[in-house]
Amino acid sequence: MKSRSASLLDARILVPAIGGAVRKLDPRSLIHNPVMFVVAVVTLLTTVLLAKDAFTGGGQLGFSFQIVVWLWVTLLFANFAEAVAEGRGKAQADALRRTRTETEAKLVAGDGYRTVPGHSLKIGDVVLVEAGDIIPSDGEVIEGVASVNEAAITGESAPVIRESGGDRSAVTGGTEVLSDWVRVRITAAAGSTFIDRMIALVEGAERQKTPNEIALNILLAGMTLVFVLATVSIPSFVSYAGGGVPVVVLVALFVTLIPTTIGALLSAIGIAGMDRLVRFNVLAMSGRAVEAAGDVDTLLLDKTGTITLGNRQAAEFRPVRGVEARELADAAQLASLADETPEGRSIVVLAKEKYGIRGRDMESLHARFIPFTAQTRMSGIDHDGVAIRKGAVDAVLRTIAAGRADAAVREAQAIADEVAKSGGTPLAVARDGRVLGVVHLKDIVKGGIRERFAELRRMGIRTVMITGDNPMTAAAIAAEAGVDDFLAEATPEDKLRLIRAEQAKGKLVAMCGDGTNDAPALAQSDVGVAMNTGTVAAREAGNMVDLDSDPTKLIEIVEIGKQLLMTRGALTTFSIANDVAKYFAIIPAMFLAFYPELGALNVMRLATPESAILSAIIFNALIIVALIPLALRGVRYRPVGAGALLSRNLLIYGLGGIVVPFVGIKAIDLAVTALGLA
Amino acid sequence: MTINGWIEILVFTGIVVLLARPLGGYMTAVFAGEQMPLSALLGPAERGLYRLAGIHERDEQPWTAYALSLLAFNFVGFLALYLLLRLQGWLPLNPAGMTNVPPALAFNTAVSFVTNTNWQNYGGEATVSYLTQMLGLTVQNFLSAATGIAVAMALIRAFARKSARTVGNFWVDLTRGTLYLLLPIAVVMTFVLVWLGVPQTLAPYADATTLEGAHQTIALGPVASQVAIKMLGTNGGGFFNANAAHPFENPDAVSNLIQMVAIFAIGAALTNVFGRMVGNERQGWAILAAMGVLFVAGVAVCYAAEAAGNPLVHALGVGGGNMEGKETRFGVALSALFAVVTTAASCGAVNAMHDSFMALGGMIPMINMMLGEVIVGGVGAGFYGILLFVIVAIFVAGLMVGRTPEYLGKKIEAKEVKMAMLAVLCLPLAMLGFTAVAVVLPAAVASTANAGPHGFSEILYAYTSAAANNGSAFGGLSGNTGWYNVTLGLAMLMGRFLVIVPALAIAGSVAAKKTVPESAGTFPTDGALFVGLIVGVIVIVGGLAFFPSLALGPIVEHLAVVAGRTF
């Protein structure tokens, strides 16, 4: 799904959207949008009146006809906006649907298995999946290890390992096993698998109005009613003045006054928000979650993989007195040659970079590698009668101290403490029972992360680092990364407690997690982002899933949530501010016949009353189309603090909303007059 | 316009602003039930009332019980006043021998005083007895004002509280507001007014023989006490038909200034109470500033229009500002200022005839009322009115900072928006709806004194004044007809209770919410940006619905006058 077309206006989406715009004239679909439903009702009314006038030969047929046409166009444009937004989701859904081909499953029965259709599987069934098979449905690996191609959902072609036990046991239906075999217990019934849910989500089929959208709809409906009152009272006011106003003009005034711009674009904004998340390879299980993301006050971030690079790296060799640094590096390198862990490799790399110590051939050394065990907490090498050990400081020193506690041991201990205090992890190296020194393994804070946290702070979001490290190490890393707070030696219960404490203060909390023990915290948090590589339990508990399993993405998710809310607010403000100019276009035109003095209100100097009214309604329709790209792309979020953000947006969408229609309506009036339309 | 005129306006504004903080502090203490010097004197009375009514001072009510108490109390108040009006002819303290008031007028008058409107379809000195004035009208002047303040206090508490179930006790708020706030200030003000020459007597009307030998009856009565509370409680119902233009109600510039300050004092101080109770006085100043911007703009337009005068009159060789319908002891500036003050607040007392204002000068009072009288506003009513606009403004603009909108840590969600829009909606419904029907009813149009746009303005002004619970009249219109008595009464009820109930519903919902701590992501609601935002929303959301009616009334009249056309 990474290779999605990112272009905003793709003909493959636009063309079907035109048909969609017409189909959406169905009243059952219109009723969901109160503003546009009202427009539809009055449009129908004027159409009927026009037809009547056409038969009875009423006056100003040409003018009425044009107004009616533009009313229909307004409706179609609104539908078009929604269809375009939905079309972009549909394109992704189609891509997903292609992966959901009918599979056959090997249902385990007794010692063997029998082949059944994939859709007949029930929750709890156990199936065997071998190399080359498609995993028939979502499930959990209960036996075996296999490499799986999950490109169908993540777009990432590199295979991933799925194994029983641990945090990488979840498999997704529709993905392919490349090698080996696994037994999978099915956890989702046919039709409700992860891919099914993804399809439903991106298609917008399950779209429900979010709380905020509901509130905004109430506001818009209220504004509409206010303008109903403003317009329906006009005929009697006018008859008092001894004049008259044609219904079609009243309808034109009404439609231009009610907030059609935001009414037309509201659902498109919501759909586009979800869509932007999907483009980031994040699936939100509900629109509510996306909105909540914008409101997040506290971000809980795991240290490893989010704030620091996943692995510690050797940063320095610190020998005890009487030992050359090079000697320590040489011993450490020898001890690490066979060590395939990232830490071990980083020691080899550092020794080469700093002291030019080359890699040596294990065979020619006649060496015996001593592997790391949880009991000894050391690894090392024996060659030519020399024994080198490296490992946890207390473990290495204990083997020595059993003999004698000399100055070197005490010194090594002091160095180790110093390293720990600075946020690093010390590794002691000893040769033949003599301590050589300490290797300083360092957590490498990701580049640019400090700036991101500063940015979050300006947004008003507090970041809390979660780590299993001891408080001393945690404090040092927290200071280096620039997080606001940290939770050291954190257990899953601690996490849950922290989230509850924050929520009790009225704050919204976001976090990400992957393990089963993260599930309670994910469920408790307001925005819980589960990693796609995580367990089924974690994926069920969160309200978003990150297909790339990149915890840093929480920051982007927050920005997308904010963008969604901002776009709604900006277009609402713009829509309401537009009314000022529309009044100045239509009111003088409407009353000119019996109160010629009101011509003074025609500040735009529009050519004729008819062209003024026509220009206003044309502007009202065209502005919808003009703003579709903004609705889909979203108003850009800048982390500059709320005050600055508001004044900027008020200037653009509030003041701009007042000024733009004056210019627009005047320009359209010039065109209408030049074309002789009115 | 003259420098002198502007200095008078400035002095008035300065006094109101200076009073806001000390009075706000006092009111905060009153409604928190703190001990104060007056407690020694009034405490026994307060506790006695509670015992009599079986009220437990510390028992608070959820918003529903608060609203029901309020509605029940106001209904009983309405019934009592209605009966008093209907039966006054048979009751004592009626030296002028007033007859019983007919049903439609009694309905209109009772509703009018219960809703703090004080629209008067009667002339005080020709219709109501002393007993009715004192026991009916003056009592309601206190109680309707205290009711408004109580609603404002409930709403303020809602924002100040966290996860609370209750918003206060209506009976306690009503009692404290009356006993400790309205009564003492009204008593002091009465003495000052008497000292300035306002009558306060129960003696019958005086008979006098003028220098020309003509015989004249001079209406008297307990005037000073009613004037004090009618201003302080933004009631506005005059003792005399001429209201504050009558020399016995408002003898000179000093009494005029005192009365104007009294109109604004409590409304302005409520913003400070709000600031104090939510823990940041700047929040209150910001709201007062928004009110101030709209007020000064209104005064400037009104004063300019009146000072410019009528070109048709200038053509006749009479220069200067428009003095028609104005008292010479007040002049153009103080008449324009009074008109804006009395309509910005929902007072409705007048010291000049608004009907005789220039078209644009008369439009400002109308706009003030159409905006829902949120510019300081009626005591309590102005404050809860502007908070409804604040909620709408916060909701629209708050979204633009990328968060669920919140005000003072309270999230503004569907329920608040729904209730705010309901309240905002009922004003155009009553104002435009009734006007639209009246202007096509020949019987209703016959009540107007002028033809053309000015006659239209008279009807529009009447319903606007009624729905906004203002009570000032555009003169001209003879309102004492069955149609106007009933419809104006309905407009007053809608404008009062269809705003109060949603406001209390918001209070209930807001009080129950958690308070989200402030962060860099919450946009500040105590700065100039917020003030500008509120002003913009009030003008656009509150005002745009009335643009067509204003165009057909005062605006076209103004343009016609400029063009030399008359109707």
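This is a predicted model: local features need pLDDT of at least 70, side-chain atom pairs count only at pLDDT 80 or more; totals for chains, interfaces and linings use all residues.
A cavity, as the word is used here, is a set of grid points where a 1.4 Å probe fits but cannot get out.

Let's start with chain B as a whole. Its secondary structure comes to 20 helices and 4 strands. Along the principal axes, the C-alpha trace of chain B spans about 75 × 55 × 45 Å. A compact globule of 567 residues would have a radius of gyration near 24 Å, and chain B, at 23 Å, agrees with that. Buried residues make up 63% of chain B.

Three helices of chain B each supply at least two lining residues: helix 14 (381–399), helix 15 (414–438) and helix 18 (482–511). Helix 14 gives the most, with 6 residues. Sorted by class, this lining has 12 nonpolar, 7 polar and 2 charged residues.

The second largest cavity holds about 70 Å³ of space. Among the residues lining this one are A:Val226 from chain A and, from chain B, B:Met370, B:Phe389, B:Val424 and B:Phe546. Helix 15 and helix 19 (528–543) of chain B each bring at least two residues to the second largest cavity, with helix 15 giving the most, at 3 residues. By class, there are 10 nonpolar and 2 polar residues in this lining, and no charged ones.

Finally, a word on cysteines. A disulfide is a covalent bond between the sulfur atoms of two cysteines. How many does the structure hold over all chains? The count is 0. Take B:Cys302, which is in no disulfide: the nearest cysteine sulfur belongs to B:Cys347 and is 16 Å away. B:Cys302 counts as buried because its relative accessible area is 0%, under the 20% cut-off. B:Cys426, with a relative accessible area of 4%, is buried too.

Definitions and conventions:
Residues are numbered from 1 along each chain as its sequence is written. Chains are lettered from A and ligands numbered from 1 in the order in which they are written. Side-chain values use heavy atoms; hydrogens and water are left out. Ala, Val, Leu, Ile, Met, Phe, Trp, Tyr, Cys and Pro count as nonpolar, Asp, Glu, Lys and Arg as charged, and the others, Gly among them, as polar. On a 1 Å grid over the protein atoms alone, a cavity is a set of points where a 1.4 Å probe fits but cannot get out, and a pocket is an open set with protein on both sides within 12 Å along at least five of seven lines; lining residues have an atom within 4 Å of a point. Grid points are joined across faces, edges and corners, and a volume is the space filled by probe spheres set on the points. A disulfide is a pair of cysteine sulfur atoms within 2.5 Å. Buried means under 20% relative accessible area, exposed over 50%, partly exposed in between (1.4 Å probe, protein chains only). The radius of gyration is taken over C-alpha atoms; the globule rule is 2.2 Å times the number of residues to the power 0.38.
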